[in-house]
Amino acid sequence: MAASCSPKAQVISSELELQAEATTGEGSIWDTKRQTLFWVDIEGKTLYEYNPKTKENNSWKFDRMVSTVVPESDTTVVVSLQDEIVRVNLNNGQTTSIAPIPDNDGKVRCNDGKCDPKGRLWIGTMGFGGQKGAGTLYCVTPDGTVTTQIKDVTISNGIVWSKNKKFMYYNDTPTGKIARYRYDADKGDILFDGIAVEIPQGTGAPDGMTIDENDNLWVAQWGGAGVYCYNPYTGELLTKIDVPAPNVASCAFGGKKHDILYITTARAGLSAEQLEKYPLSGSVFSCKPGAKGVKAFHFGN
């Protein structure tokens with residue numbers, strides 16, 4: 001289903017929320033218990049927790065790349081390292097292993113991931129050089145069981161579930177398409193159900209993604225200098241949020257009312273000239289787009 005570049009699409013500006021120089025700012029997610037935004041810098045091997053009230057941005061460093069984070073409890077989160085899913089104690093920084101993730105002898109690494117309505121972590125991999133078909137989408141249960149869900153993925157990204165919990169949306173970034181899968185919450189099974197959105201040419205590629213209470217998809221588009229909102233049932237482009245950074249990597253609704261969209265960006269892939277033109281690349285941005293997100297699912301819930 002082709003996306004419509006309708007002239008009716010609303011355009012909204014974003015504001016600088018947190019100035020940073022993340023190589024690849026990714027994995028943004030709002031923790032409703034702590035009322036903070038978690039996000040990561042993949043190449044920087046760092047997990048961040050940003051508090052919009054205090055403007056503090058706490059950090060935890062790792063010995064490997066860290067690609068995504070999901071809430072678990074008041075004091076713990078679960079993160080994907082290069083080749084492993086670990087639990088992080090936020091009070092003392094200690095980690096405990098949950099499950100290893102196949103890395104094909106160091107040729108692939110974890111990328112984006114999110115928890116489903118039953119508290120399973122869906123985590124995808126990609127080749128270090130972005131080789132076609134080198135990645136896989138896995139599902140990790142709280143007891144550490146890892147199952148393969150989708151093979152031959154290139155750059156695994158952006159997983160969300162519909163309000164009725166019957167559909168899952170997924171991005172394999174280089175395809176330029178958002179795929180829809182039928183989803184069985186009890187069994188954790190998925191079945192391909194077609195293409196929900198074809199990203200308009202010239203607007204970048206689909207990276208991280210979140211969903212609002214009306215089931216519209218908000219997609220960070222790498223190379224597209226913005227977050228784009230689509231109706232997944234029609235493919236229509238509804239809203240574009242302008243971001244003063246070309247490589248937009250992830251987005252998440254947050255705030256007490258879940259009405260603030262937080263956006264992470266990257267310096268990776270930009271030339272010296274581009275960085276001079278877009279000096280805020282790698283920072284976190286925000287806006288109120290007139291929509292409300294849904295509470296993120298926690299690991300093991």
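Modeller: A strand here is a DSSP run marked E of at least two residues, and strands are numbered from the N terminus. In these terms, strand S14 gives the most to the lining of the largest pocket, with four residues. The model is a predicted one.

The largest pocket has a volume of about 250 Å³. Sixteen residues line it, and those nearest its centre are Asp 152, Val 153, Thr 154, Asp 172 and Thr 175. Besides S14 (146-153), strand S16 (167-172) and strand S17 each supply at least two residues of this lining. Sorted by class, the lining holds seven nonpolar, four polar and five charged residues.

Two of these contributors, S16 and S17, also belong to an open sheet of four strands, ordered S15-S16-S17-S18 with antiparallel pairing. At its edges stand S15 (156-161) and S18 (189-198), each of which pairs on one side only. On average, neighbouring strands of the sheet are turned by 25° against each other, direction ignored. S17 (residues 177-184) pairs with S18 in the antiparallel sense, over seven bridges. Within this pairing, Asp 184 has Asp 189 of S18 as its bridge partner.

A second pocket may be set beside this one. The second largest pocket contains about 200 Å³ of space. Its lining has 13 residues, and the closest to its centre are Arg 109, Met 126, Ile 155, Asp 207 and Trp 222. By class, this lining has five nonpolar, four polar and four charged residues.

S3 leads on to strand S4. The two run antiparallel and are joined by five bridges, with Leu 37 in S4 as the bridge partner of Trp 30. They form a hairpin with four residues between them, and Gln 35 in the turn has a positive phi of about 55°. Six of the six residues of S4 (residues 36-41) are buried, so the strand is largely enclosed by the rest of the structure. Both faces are covered, with Thr 36, Phe 38 and Val 40 buried on one side and Leu 37, Trp 39 and Asp 41 buried on the other. S4 is also joined by five bridges to S5 (residues 46-51), and these two strands run antiparallel. Here Phe 38 has Glu 49 in S5 as its bridge partner. The hairpin of S4 and S5 has four residues between the strands, among them Lys 45, which takes a positive phi near 55°.

One further residue deserves mention. Trp 218, found in strand S20 (residues 217-222), has a relative accessible area of 2%, under the 20% cut-off, and is therefore buried. Its side chain makes a polar contact with the side chain of Asp 212 (2.9 Å). Trp 218 and Cys 251 are 33 residues apart in sequence and 7.5 Å apart in space, C-alpha to C-alpha.

How values were computed. Residues are numbered from 1 along each chain as its sequence is written. This is a predicted model: local features need pLDDT of at least 70, side-chain atom pairs count only at pLDDT 80 or more; totals for chains, interfaces and linings use all residues. Side-chain values use heavy atoms; hydrogens and water are left out. Buried means under 20% relative accessible area, exposed over 50%, partly exposed in between (1.4 Å probe, protein chains only). A polar contact is a pair of N or O atoms within 3.5 Å; within protein, one must be able to donate a hydrogen and the other to accept it, and residues adjacent in sequence count only if both atoms are side-chain atoms. Two strands pair if DSSP finds at least two bridges between them. Axes are lines fitted to C-alpha atoms, for helices over the stretch in contact, and angles run from 0 to 180 degrees between N-to-C directions. On a 1 Å grid over the protein atoms alone, a cavity is a set of points where a 1.4 Å probe fits but cannot get out, and a pocket is an open set with protein on both sides within 12 Å along at least five of seven lines; lining residues have an atom within 4 Å of a point. Grid points are joined across faces, edges and corners, and a volume is the space filled by probe spheres set on the points. Ala, Val, Leu, Ile, Met, Phe, Trp, Tyr, Cys and Pro count as nonpolar, Asp, Glu, Lys and Arg as charged, and the others, Gly among them, as polar.
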